There are 10 protein chains.
Amino acid sequence: MLFQVQMTVKLPTDMPSNQAAEIKAKEKAYSQELQHAGKWRHLWRVAGSYENVSVFDVEDNAELQEIISGLPLFPYMEINVKPLCRHPSSVHDGDA
Amino acid sequence: MLFQVQMTVKLPTDMPSNQAAEIKAKEKAYSQELQHAGKWRHLWRVAGSYENVSVFDVEDNAELQEIISGLPLFPYMEINVKPLCRHPSSVHDGDA
Amino acid sequence: MLFQVQMTVKLPTDMPSNQAAEIKAKEKAYSQELQHAGKWRHLWRVAGSYENVSVFDVEDNAELQEIISGLPLFPYMEINVKPLCRHPSSVHDGDA
Amino acid sequence: MLFQVQMTVKLPTDMPSNQAAEIKAKEKAYSQELQHAGKWRHLWRVAGSYENVSVFDVEDNAELQEIISGLPLFPYMEINVKPLCRHPSSVHDGDA
Amino acid sequence: MLFQVQMTVKLPTDMPSNQAAEIKAKEKAYSQELQHAGKWRHLWRVAGSYENVSVFDVEDNAELQEIISGLPLFPYMEINVKPLCRHPSSVHDGDA
Amino acid sequence: MLFQVQMTVKLPTDMPSNQAAEIKAKEKAYSQELQHAGKWRHLWRVAGSYENVSVFDVEDNAELQEIISGLPLFPYMEINVKPLCRHPSSVHDGDA
Amino acid sequence: MLFQVQMTVKLPTDMPSNQAAEIKAKEKAYSQELQHAGKWRHLWRVAGSYENVSVFDVEDNAELQEIISGLPLFPYMEINVKPLCRHPSSVHDGDA
Amino acid sequence: MLFQVQMTVKLPTDMPSNQAAEIKAKEKAYSQELQHAGKWRHLWRVAGSYENVSVFDVEDNAELQEIISGLPLFPYMEINVKPLCRHPSSVHDGDA
Amino acid sequence: MLFQVQMTVKLPTDMPSNQAAEIKAKEKAYSQELQHAGKWRHLWRVAGSYENVSVFDVEDNAELQEIISGLPLFPYMEINVKPLCRHPSSVHDGDA
Amino acid sequence: MLFQVQMTVKLPTDMPSNQAAEIKAKEKAYSQELQHAGKWRHLWRVAGSYENVSVFDVEDNAELQEIISGLPLFPYMEINVKPLCRHPSSVHDGDA
C-alpha cells in the first residue's frame, strides 16, 4: 500500500554542526536500509528547498507510523501524508 | 528532468454528464499516450479525494508547460508543480 | 485499517429542492448499508455546521477510494482524509 | 455529550530527554485514567505525524475545559475542538 | 451551556430582491423567537461587514445543531462555532 | 461602544512557574477591576483551548487601545479585535 | 474616531456593462457626498489591483456600519476594517 | 508617490527592558524626523494590537526601501507594503 | 521604476471559445505594444500553470495602475504586485 | 532554463552582529560570482521588506538545487521556486 510523504527539515540554526552531521548520517543509513528493504520506494529532493518527497510501500497505516516516527530527523520535520491508490488511467504496473 | 505535479479536478456540477464523460475519455487517452512515451512516469490517485499525484520526465520547463496546458481537463484543475532532483540518500537508479 | 474522514457538504443554492432531497436520500441509504457492513464505523455531525466526521474501517487505500468516490454527494463535498493507527496510550480494544 | 479533539504535540527540541519522558509518562497515566472512567472514549494516532485524534464524552463545555487544560502536555500542544452530535443517518447506538 | 457563533451571510448576488427580503424577514422572526425564549442570548453586528456574532445558551450540542440548521439563512452562511465556559477571572454572574 | 476581543495566551514554555503565576495574578486583578468598572462587560474561556473571548464597552478606539495594551499578558498574546454595533434583529437592550 | 477600511471590488464577470456603469456612478456620488461631509477622510486606489484603501472619520461603530452597508457596491465587495487611534510618535495633528 | 505600510512589532519577550526602551526611543526619533521632513505622512496605531498603519510619500521604490530598512525596529517587524495612487472618485487634493 | 507583477488568469469555464479567443488576441496586442514601448520589460509563463510573471518599468504607481487596469484580461485575473529596487549585491546594470 | 526564486531572509535577532556581517559578505561574494558566470541573471530587492526576487538560468533542476543549497544564508531563508518558460506573447529575446 502506497503513501506519498512530504518532509521539510527544519534544524535549529543553533544546533552544533557535528550534532547536525551525526543526525543526518543516521538519517541516511536508516533511509537506505528501508529503501533496500523495499519499504521506501522513492526519495526525491524538491529543487531549491529543504523539502523531500517520498513514496512508501507499507503493509498498513501502523507500519507507516512506525517507519516515520523512527526517522532520526522526526523531531525536526514538518510532515504531510497522502494515501495513494491506483489511478484508473495509469498504465504502469508499479503505480499501485 | 523530473517534476511532481498535483492536480485537483473541479468539474462544474452543472456540466452535462455526457460532456463530462467525453472530456474524461480524452484525458485518459492523452494521459496514456504520454505514459507510453515515457514522459508521464507515475500517476496515482490520492485516496478519498479529487486529487492526483504524478511524476513527469521532461526535457525542460517548456516541455512541462506544453504537456500540462494540453490536458483536456486543464481548464478545470488546480495544479501544483515541484521541480525534483536526485536526493543524495536515494539508492534507486530511477530517482533522477 | 482506520481512516478519519471529514466531509463538508456544499450543495449549490440553486439546486431544485426535490433534486436535493433525492440525493440526500440516496446518500443516507448508501451510508447505512456501509455502516451495517462494518465499513463505516462512526458517523457524527459537527454541531452548528455543514460538516460531518466519520471513521471508516477498510482493507486498504483502494477500498477507501472506492467507498468515498461512490458517495452520491461526492461531487458536492470538500473532503479531508487522515490515516489512523493505534495510539500506544489507548486502552480501548476498538481503537485500531 | 461528545467532542472531537485534535492535538498536535510540539515538544521543544532542546527539552532534556528525561524531562520529556517524564511528561509523556504522566500524560499516559492521566489519559488512561480518563479512558477507564469513560470520559475519553477514543484515542487514535494520525499515522506519520505528531497528531492525535480523540473523542471525549463529557457533561458539558466546562468539563471538557477541565480535562483538556489538565493534560500534562497541555502547554506543548496545538488543540482543535469540534462539538459533535448525532447524525440523522447514523445507525450506531454509540454515535451520540 | 454557552456557544459563541459567528455567521457571515453570503446571499447570491443574482437572488431576486423580493426573495432576499422574504428570507431575511423569516430569519428575523426566527431569531427573535429564540431570543425571547432565552436560547439566543446575544446578537451583534460586526461593524462594516456581513458578519454577526452571537452567544447561544443551549442544553447541549444537539440543541445547538437544531437551532443553527433551522436558520432560514443557513444555506447562505459561513458559520464558526466555539464552545464557551466560565473564565476563572470573570466577576459577571451571567458569564456561564 | 462595544468591541469583541479574542485573546490567545502563549506563555514561553521556559518561563519560570513563579514568574508565570505572578503575571497571571496581575492579569486577574487588572481584569476584575475593569469588569467592576463596567469597561469589560463579558469574559469567557473557549473550552479546550488557550483562548478567551471578551466584550469591552469603551468610549472610543483610544480607550480600547489603552485598556488592551495595559494588560499584563499583552506581550504574550495574539489578539483579534472586532468593532460591534446593534443588530436590527436584536431584542436585547444590552446588545449595543 | 478613525477606521481604516480596505475594500476589494468583485463584480460578477457576467454583469451587463450598463448595469455595472450605473452602480459605479452611484458609488462615486455616494462616496463624494461623504467625502465633502468630512466622513470619508481619505480614498486611495492600490496600484495594479481591484482594491481601495480608505480612512473614515465617524462618531462610533454604528455610524461606520451605516455608511459601509449603504455603499452601492456593498454586495460586491470584500471588506476589512481596522479601528485606528493616535500613535504616541505621531507629530501630525490630523492623525487622530 | 504614496505607499501604505503596515508594521507589526514583535519584540522578543526575553529582551531586557532597558534595551527595548532604547530601541523604541530611537524609533520614535527616527520616525518624527521623517514626519517633519514630509516623508512619513501619516502614522496611526491599530487599536488593541501591536500593529501600526502608515502612509509614506517618497520619490520612488528605492527611497521607500532606504527609509524602511533604516527603522531601528526593522529586524523585529512584520511589514506589508502597498503602492497607492489617486482614486478617480477622491475629492481630496492630498490623496495622491 | 520596476514592479514585479504576477497574474493568474481565470476565464469562466462557460465563456464561448470565440469570445475567449478575441480577449486573448486583444491581450497579446496590448502586451506587445507595451513591451515594444519599454514599459513591459519581461514576460514569462510559470511552467505548468495559468500564471505569468512580469517586470514593468514605469514612471510611478499611477502609471502602473493605468497599465494594469487597461489589460483586456483584467476582470479575469488575480494580480499580485511587488515594488522592486536595486539590490546592493546586484552586478547587472539593468537590475534597477 | 529559467527559474524565479523568492528568498526571504530571517536572521535570528540574537545573532552577533559580526557573525551576521560575515555571512552577508560571503553571500554577496557567492552571489556576484554566479552573476558574473551568467547563472544568476537578475537580483532585485522587494522595496520595504526582507525579500529578494531573482531569476536563475541553469542547466536543470539539479543545478538549481546545487546553487540554492550552497547559499551561505540558505539555513536562514524561506525560499519559493517557480519554473519559468517562454510566454507566447513575449517579444523579448531574453525571456527564455
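Trainee: Which residue is the bridge partner of B:Leu43 in β3(B)?
Mentor: B:Ser54. Strands here are DSSP runs (E, at least two residues), numbered from the N terminus. This is a predicted model, where local features need pLDDT of at least 70, side-chain atom pairs count only at pLDDT 80 or more, and totals for chains, interfaces and linings use all residues. Residues are numbered from 1 along each chain as its sequence is written, chains are lettered from A and ligands numbered from 1 in the order in which they are written, and side-chain values use heavy atoms, with hydrogens and water left out.

Trainee: How many bridges join β2(B) and β3(B)?
Mentor: Five, in the antiparallel sense; two strands count as paired if DSSP finds at least two bridges between them. They form a hairpin with four residues between them, and B:Gly48 in the turn has a positive phi of about 80 degrees.

Trainee: What does β2(B) pair with in chain A?
Mentor: Strand β4 of chain A, residues 77–86, antiparallel over three bridges. There, A:Leu84 stands opposite B:Val46.

Trainee: Is β2(B) mostly covered or uncovered?
Mentor: Mostly covered: six of its seven residues are buried. Buried means under 20% relative accessible area, exposed over 50%, and partly exposed in between (1.4 Å probe, protein chains only).

Trainee: New topic: what's the order of elements in chain A?
Mentor: From the N terminus on, β-α-β-β-α-β. Its C-alpha trace spans about 50 × 25 × 20 Å along the principal axes, and buried residues make up 55% of the 96 residues in chain A.
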